[in-house]
Amino acid sequence: MMVATNWGVFEFGERDPKFRDADDPRDMQIRARSVQHLSALRENFPTLGETVFLGMGVADFQFRVYITRADLGKMMSVLAMDIDYVQFKKGAIKDSRLYGVLSDMWSVLLNAYPEGSSYRRSPYESRKQQRRHNKNWWEV
């Protein structure tokens, strides 16, 4: 499962047993490509353990935090209960790279499922041309 917040993008999944000590109850992992995203997650959930860096070129998501399934469930509940926005991308404006990722995710969804949006973008129009026509897509 991938989760995008306005302070990071994370992939949640089970932890591979071969990379876990038998007495370690943390059976889930939160993976990220940015250590800053995990740091922001920890600011919101201070009980998370330390970030594990697997090394450059070792894994697709090289930064990880390990957690129990129960604690992950509690965290997901808090994330849902803390939603206080209509359009969450605007909250990521402080981090231009994250904002770009969230905008790209929006564009991919629009192109894959155009029938699910009132916003239309020509598949032949480049991203640069689109930005020139509309300063911000949400203002259309």
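The lining of the second largest pocket has five nonpolar, three polar and three charged residues. Here Ala, Val, Leu, Ile, Met, Phe, Trp, Tyr, Cys and Pro count as nonpolar, Asp, Glu, Lys and Arg as charged, and the others, Gly among them, as polar. The model is predicted: local features need pLDDT of at least 70 and side-chain atom pairs pLDDT 80 or more, while totals for chains, interfaces and linings use all residues. Residues are numbered from 1 along each chain as its sequence is written, and side-chain values use heavy atoms, without hydrogens and water.

A pocket is an open set of points, on a 1 Å grid over the protein atoms alone, where a 1.4 Å probe fits, with protein on both sides within 12 Å along at least five of seven lines; lining residues have an atom within 4 Å of a point. Volume is the space filled by probe spheres set on the points.

| Pocket | Volume | Elements that each supply at least two lining residues |
|---|---|---|
| Largest | about 330 Å³ | β1 (2-5), α2 (69-81) |

Helices (H or I, at least four residues) and strands (E, at least two) are DSSP runs numbered from the N terminus. In the second largest pocket, α3 gives the most to the lining, with three residues. Among the residues lining this pocket are Met2, Arg33, His37, Asp95 and Arg97.

The largest pocket has 15 lining residues, and Thr5, Leu79, Asp82, Ile83 and Tyr85 lie nearest its centre. This lining divides into 10 nonpolar, three polar and two charged residues.

A nonpolar core is a set of buried Ala, Val, Leu, Ile, Met, Phe, Trp, Tyr and Cys residues joined through side-chain atoms within 4.5 Å, where buried means under 20% relative accessible area with a 1.4 Å probe, protein chains only. The largest such core has 16 residues, of which Ile30, Leu38, Leu41, Leu48 and Met75 touch the most other members. Two or more residues of this core come from each of β2 (8-14), β3 (28-32), α1, β5 (63-67) and α2. Another core, of five residues, lies apart from it and includes Val9, Ala92, Leu98 and Tyr99.

Leaving aside neighbours within four places in sequence, Leu38 is in contact (heavy atoms within 4.5 Å) with Phe10, Ile30, Ala32, Thr51, Phe63, Arg64 and Val65.

The chain has four helices and five strands, in the order β-β-β-α-β-β-α-α-α along the sequence. Of its 140 residues, 32% are buried.

Terms used: Buried means under 20% relative accessible area, exposed over 50%, partly exposed in between (1.4 Å probe, protein chains only).
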